[in-house]
Amino acid sequence: MATTGIESWAVDLKDIGAIYPFQGTEGLFVLAGVVLWLGWHLIQIRAENDEYDGIISRHGDDASINEALEGE
Amino acid sequence: MEGNLNALTTVFTEFYYWATIPLMFFIHIGFCMYEVGASRRRNHLHTLMKNTMLIPLVTITFFFFGWWLYWAMPNGPFITGGLDTAAAEANTAWSETMGPNTGDRITGVFWAAFLLFSWTAASIVSGSVIERIKSGAFWILAVVIGSVAWIIDAAWGWHYGGWMVQLLGYHDAYASGVIHAIAGGFALGVLVVLGPRLGKFARDGSPRDITPHNPWLVCLGLFMIYAGFWGFYVACNVPIIDPGGIGGQITGDTWTATTIYLTPTTLGAITVNFLMSLSGGLLVGYLASKGNPFWTYSGGLAGIITASAGNDLYHPIHAMIIGGLGTYCAYKLHYWVEQKFKIDDAVGAVAVHGYAGFIGLVICGFVLWGHPSSPYEGFAAINPLGQFVGAIIMFFVLGFVPGWIVAKILAAMNLLRIPRQVELLGLDFASNREEQAAAADVRATEKAAV
């Protein structure tokens, strides 16, 4: 039993449609994709805010900012 | 795919759309070069990543729901009919035709051609907000414009059965409105909430010129967008179809290329008009800006964008004049809006895409007045009022308003704008520090080896 449902090419192609594996599970895979997408945003936003907080705590004083601007 | 002619037509159409996709990829490369060139050194890498990462995010969301919206919403819904779930069925993310399928060779390439338009819409917004927007906020906005707002406007006004085409006679063959005006309007809505970069305006309100760190890269990026624009234009056509396949009022059996509305045009016509409108924009952009390279190149783009709504039908001289006119108006409007409303559009995207696209729609209504908008009976003809209402829908209703609302929500959640100190230090501050430390370490090691 092939995962694609195609076990031989001795067929008329007009009688065949989808040829990808695990047909019938598309909905589940789409659901998993949507969860991954939304999760990505959540992780990214948290990481970006943490990055800025870290920069400000280490270099956010006026002297550091002035030094950075002079180096621009 | 039975019969040799049918097979040839199908495979030709499949290859035709496929060829537009790598061409349109150049648009995105161009936008990245342009934005990085326009940003200051301290923001380069974040600027590049901000634009680059819209690619996967818009791609997957366009797969999840964007493509479905196009097929489901031509009627509004509830303007000329309900949700067209029957047509949308084959274009859901879980449809068998979205994967490898011997019975369908077109859906994949057609989906991808539309997707590259989605990237463009999001990328237009990206340039205008550089150096102060949080990447995470931009990526949410990119999904809203790239996989929701623009594709709803495409269903309404860039679909052979769209309600705007039926009722307004809306005509926008190469997307003056459905891509450019909406993206420009969306960018303006975001910019109103986001505010200008620190130092952009003096205390008396006069704008300062924050010059691109690398004008050469900016111009090369714009040049690259021209190259990609060829794919964009070609992708807007149906390459070959017989009148029987259209099923409208066209008689006889002469096969033709058509616009997305299935109205006849030729690839030759749009090729000449593309070049003539580019030329009109370049000529006027050069004169208006007194030879400024950035605005000359942007003028070329604005010229194409202004003429695009009717470039399937204009005479080449029309295309040139309309391109020039739109460029002049966009250039003047950019500085007027900047001065009057303190809008910091870092790359002039609202002007080049938004104002030029809006103006192009309005001009098209006058120049093509009375021409049938569709091969089907009962559709309104192209007319000035329909085009003006269409321009309002594109720029304000589906562009400015969603951009403003989503930006307001993000701002309320403190997710929109980077902290003031980070803006001053530069978005790449941490990575630049690491790079400098690594370079110093290597130098010290090398000196020790002398």
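Biologist: Which residues does B:P207 touch, not counting residues up to four places away in sequence?
Modeller: B:P207 touches B:K200, B:F201, B:E338 and B:Q339. This is a predicted model. B:P207 sits in the loop between helix 8 and helix 9 of chain B.

Biologist: Why does B:P207 count as partly exposed?
Modeller: Count its C-beta neighbours inside 10 Å: there are 15. Buried needs 20 or more, and exposed needs 12 or fewer. The count of 15 falls in between, so B:P207 is partly exposed.

Biologist: What makes helix 14 and helix 15 of chain B roughly antiparallel?
Modeller: Their axes cross at roughly 165°. Angles over 145 degrees count as roughly antiparallel. Helix 14 and helix 15 of chain B therefore get that label. The axes come within 7 Å, and the crossing is right-handed.

Biologist: Which residues make the contact of helix 14 with helix 15 of chain B?
Modeller: Helix 14 of chain B gives residues including B:F358 and B:L361. Among those from helix 15 of chain B are B:F388 and B:F395. The residues of this contact divide into nine nonpolar, five polar and no charged.

Biologist: How many residues of chain A are in contact with chain B?
Modeller: 26 residues of chain A contact 29 residues of chain B. Helix 1 of chain A gives the largest share of chain A's side, 14 residues. That side divides into 15 nonpolar, seven polar and four charged residues.

How values were computed:
Residues numbered from 1 in each chain as written. Chains lettered and ligands numbered in written order. Predicted model: local features only at pLDDT ≥ 70, side-chain atom pairs only at ≥ 80, totals over all residues. Contact = placed C-beta atoms within 7 Å. Helix = DSSP H or I, 4+ residues; strand = E, 2+ residues; numbered from the N terminus. Nonpolar A, V, L, I, M, F, W, Y, C, P; charged D, E, K, R; others polar. Axes fitted to C-alpha atoms, helices over the stretch in contact; angles between N-to-C directions. Parallel < 35°, antiparallel > 145°, perpendicular 65-115°, else oblique. Left-handed = near helix turned anticlockwise from the far one by under 90°.
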